[in-house]
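I opened the model to look up a few things and wrote them down in the order in which I checked them. The entries follow the structure.

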Amino acid sequence: MRIDCPCCGPRGVAEFSYGGDGTLRRPDLATREAEPFSAYVYDRENPRGPHVELWHHIAGCRHWLRVTRNTLTHEILGVEMAGRFAGDAARIEGQGA
Amino acid sequence: MSGYRLPRGGAHVERDRPFSFRFDGEQMHGLAGDTLASALLASGRVLVGRSFKYHRPRGVMSAGPEEANALVEMRAGARHEPNTRATMAELYEGLEAASQNRWPSLAFDMMAVNDRLSPLFSAGFYYKTFMGTGQATWHFCERFIRKAAGLGRGTHLADPDRYEKRNAFCDVLVVGAGPAGLMAARAAAASGLRVVLADENARPGGRLHEDGASLDGRTAADWIAHELHELERHGVRIMPRTTVYGYFDGNVLGAVERVADHKPLPEPHEPRQRHWTIHARRVVLATGAIERPLVFSGNDAPGVMLASAGLAHAQRHGVAVGRSVVVFANNDGGARTALALDRLGVSIKAVVDIRREIPTALAAELGARGIRLETGAVVAATRGRKALSGVDIRGFDPASGALGANIMQPSCDALLVAGGWTPSVHLASQAGSAPVYDEQLQSFVPGSPREAWTACGAAAGMLDLAACLKGGRDAGLAAAAACGAGEGSLPPLPVLEGAAGAEHPFPVFDVPATGGAKRFVDFQHDVTADDIELSNREGFRSVEHLKRYTTLGMAADQGKTSNVNAIALMARARGLSAPQVGTTRFRMPYTAVAIGALAGRETGHHFAPTRRTPMHDWHLAHGAEMMPAGIWMRPRAYFRDGETLRDAYVREATMVREGVGLVDVSTLGKIDVQGPDAAEFLNRLYANGFAKLPVGKARYGVMLREDGIMFDDGTAWRLAEHRFLVTTTTANAGPVLAHMEHYLEVVWPELRVHVTSVTDRFAAMAIAGHAARKVLQAALAEGDVSNEACPHMGIAQGRIGTHRVMIARLSFSGELAYEVFCDWPAGLAVWEALLEAGLPERIAPYGLEALGTLRIEKGHITGAEMDGRTTLADVGLGGMASQRKPYIGSAMTSRPAFVDPARPVMVGLVSTDGAPIRAGSHLTARGGGASLGHVTAVTWSPALKAHIALAFLSGGRGRHGEALEAAFPLKDERVAVTVTDPCFYDPDGSRMHV
């Protein structure tokens, strides 16, 4: 399996470390109740088909990536930067790796 | 004696290059170009191995990768390798091989008693015999079963050979260099693409070597040589002896190149095998087909062989597999093989064909050559146990499946069987495509592709040569087009003469049992037709259940010759069609792969980098015993003459308590955290507050996971308003950095913070003991570490010799202590300068054991206590957690289980009977009982003059003073202990505030 890192180009999966479900949104910082965090920490869908997940390019640029992967075929359908560089390929050039 | 070398022929062998070899200690002779199997056959050897379960005598059954019987142990000593297929092992001078799965000898095997006891060993016999009768029976019998199970014996010696791993990138990978693969590679290469052509055999060409056709007026051998030359001219990478064993996601394929297996030893600097990870844009699967055996009584006798193998041994190696050969077939391949062998000088006694009629041309030619033909007939039984001596030929009614009258009972020493062809769909199946049934082939062909591959040739069900060549070219062109290649010059198809047509089987492949003899389906795992019927009767009908219950297809050959026949038998038993029964999915590897090839160079100390601190050599030179700590090597203790480990660490720990000691802590994880929001970031990361930490001060902090469990602890030094140096435990340096990067990039991208690992930027050492300040100050050429300038948790800058140092007054030992950081390359110089300055105070280095003793005496936690199950409150640090700010894990810390009064919390233990406590012991009431908790860390405490421990005890805070036992049942140890506070020494911390 290869992941086309927006920063480094296509690289073997051995350079990456799986970072879990990429659809989760952490509850707001000020949240004091356990329930929303319990859902964030423990509740996971087990989807069949395309799934958005996080991968960390741990042996490369060390960026966190949001990868859409088909769980049936392992086909990588899309890769983008997570977080501050999301959808902003031009800025990545400037930031370097 | 049975097989022999024909006076002429054998396209692969060099008659003027004889090799000698040994099999079971017996000296034999073969030729260059032989396989071990062909050389054994040429030497008249029939019996080669014993079967897996019944230990039945077996001979060579094939001439290729599908071999199920002739598995041998190759080579001696450390290079010994079991379960090698004699049909794939190329002969070399001095080859040594031995039969396996027999005792005391191949000819007389005690375990053959299993064959007589076979009613006990039917499908599922393990479950019925050993497990169904209760656990005790299984536990008693297991060691005997394990001893009897398996085929060859491995070696326990280290592999002396070298293996390599390489990547290859190409536009088109063609797997298989038979006629289809050669044409596919030609077509793809013609458009200028990067093409790789891999073939598992020593010589490309596949079945062309046996087909007997001429191509463009050339012999097959000449045409193949010409094609290879053309391919090389087009820059195709041709890889013989390379088995593509796995098809992985994203068109990545695994292959093993047998670089030196055909030589006595690898050349100097040559690997034995090379693993290839091939990244291909398109793949052409031209993997060919494997002939199927027929199912009849005694079909496993040594001397029964696939017809294609009989022909291959004659054509390639010039070996007649017997002096008197009977051929038994359900398709034209039988008669064709008989004719071809007859032309090569092999004596054919009879051709037996299940069909009532065979094509008249074939029948006429057999007649013309004087070969007896029996149609509507079968081989109903074989004679001879250790070598075939004859067969019983009877009439057969294909409609009813009933046996008819005896026809003849000829003596013979070889029986060639042809049951149709099974396309090799392994790689396509691995790539996720369920094979589909082909009625004409009575077998499965690759399904629709889910990865970027095209199948062609026999692998796609094209059984005649013309179709293979055209199919290969089409596949090559399609692959090229899919890679966006322009029109290349179209390679012309060769003009064929004398090519064999397709060999489509008659839809009957099995003969009723006679005389209670076994009819084998899976030769390697000894699964019979009766086992499959039994599996059906007992309800294991799904093909997946059939496989697991009978172990059919689960041997090293993955059922290459058995799966299709088994599916057909199960289909008939259930009254279904074969496609309704379906297939199991093939898993990689297609053939066995040596672990060494997968490991490559990453073995021994190359498995992972050895990380050494700058003081490593000094430690070794001063008596240190090094031990792995996380990814680093650290000194365990510095031994002086005659000291035991305990002597050494007790001396070192006492020295720190009574004077001063120095410890190398360079392995601490170090992370530089910078940015306007750095303080806010750390404030969210740590459970305790960091926002108000003044510049020039350090603070101890604990990070939690999102679920409220402790993750790591360390210190953060505020070097400037917007800059912190964070230390982590040695083991968690990587995970903490990844954790920080996750929150900065995914969760809180608005925080303006940058994190950088500086672990190997700074060497670090801790100087501890009441003389630490005096020694450190004496060592400093510049800088002030007085209590006023550098109070507890203060940071100071300075210089030792010419080296800048950064100092923080932190204590893990409970004594007055300073951590001294300097540039990594300066580590040794600073270390030595501190030791020199400490000479008047009799300073000495201390290691991990003493470090552990000191921290246990103080009740300080490490990874042993932060084991992924414990909270701040569990280790007595609940008060540290900020109530005023949210932090990672804060909302989860008040969950019911975390505040349960019966929750195990950290306590101290003191051994009351003077015996050492063992780490991992469980705590029970005196006299035994249920576990109340467990021990995480133990030491002899020089300060307390007692064996002490840290432990987690249910409701432990209310149990100080209780008398318990620390039990270690594996060693039958029970130690009487008293529960105490986990801080054994200097509980008010006065010793470090001086």
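I count two strands as paired if DSSP finds at least two bridges between them. Helices (H or I, at least four residues) and strands (E, at least two) are DSSP runs, numbered from the N terminus.

I note that this is a predicted model, in which local features need pLDDT of at least 70 and side-chain atom pairs count only at pLDDT 80 or more, while totals for chains, interfaces and linings use all residues. Residues are numbered from 1 along each chain as its sequence is written, and chains are lettered from A and ligands numbered from 1 in the order in which they are written.

Next I traced the sheet. It is open, has 4 strands in the order β3-β4-β5-β6 (chain A), and pairs them antiparallel. β3 (17-21) and β6 (76-81) of chain A are at the edges with a single partner strand each, so one side of each has no neighbour in the sheet. From one strand to the next the twist averages 30°. Helix α21 (residues 733-747) of chain B packs on this sheet and touches β3, β4 (50-56) and β5 of chain A; its direction makes about 80° with that of β5(A). Axes are lines fitted to C-alpha atoms, for helices over the stretch in contact, and angles run from 0 to 180 degrees between N-to-C directions.

I then took the two chains together: 18 residues of chain B are in contact (C-beta atoms, placed from the backbone, within 7 Å) with 24 residues of chain A.

I checked confidence in chain A (pLDDT, the predictor's confidence in each residue, from 0 to 100). The chain averages 87, and 89% of its residues score at least 70. Among its elements, β4(A) has the highest mean pLDDT (96) and helix α2 (residues 89-95) the lowest (43). Over residues 89-97 of chain A pLDDT stays under 50, and the model has 9 contacts for them beyond four places in sequence.

Last, I looked at V726(B), which is in strand β39 (residues 723-728) of chain B. V726(B) is buried (20 or more other C-beta atoms within 10 Å of its own, C-beta atoms being placed from the backbone), with 26 such atoms within 10 Å. Beyond four places in sequence, V726(B) is in contact with I671(B), V673(B), G714(B) and A716(B). K670(B) is 56 residues from V726(B) in sequence, yet 5.6 Å from it in space, C-alpha to C-alpha.

Note on methods:
Buried ≥ 20, exposed ≤ 12 C-beta atoms within 10 Å, placed from the backbone.
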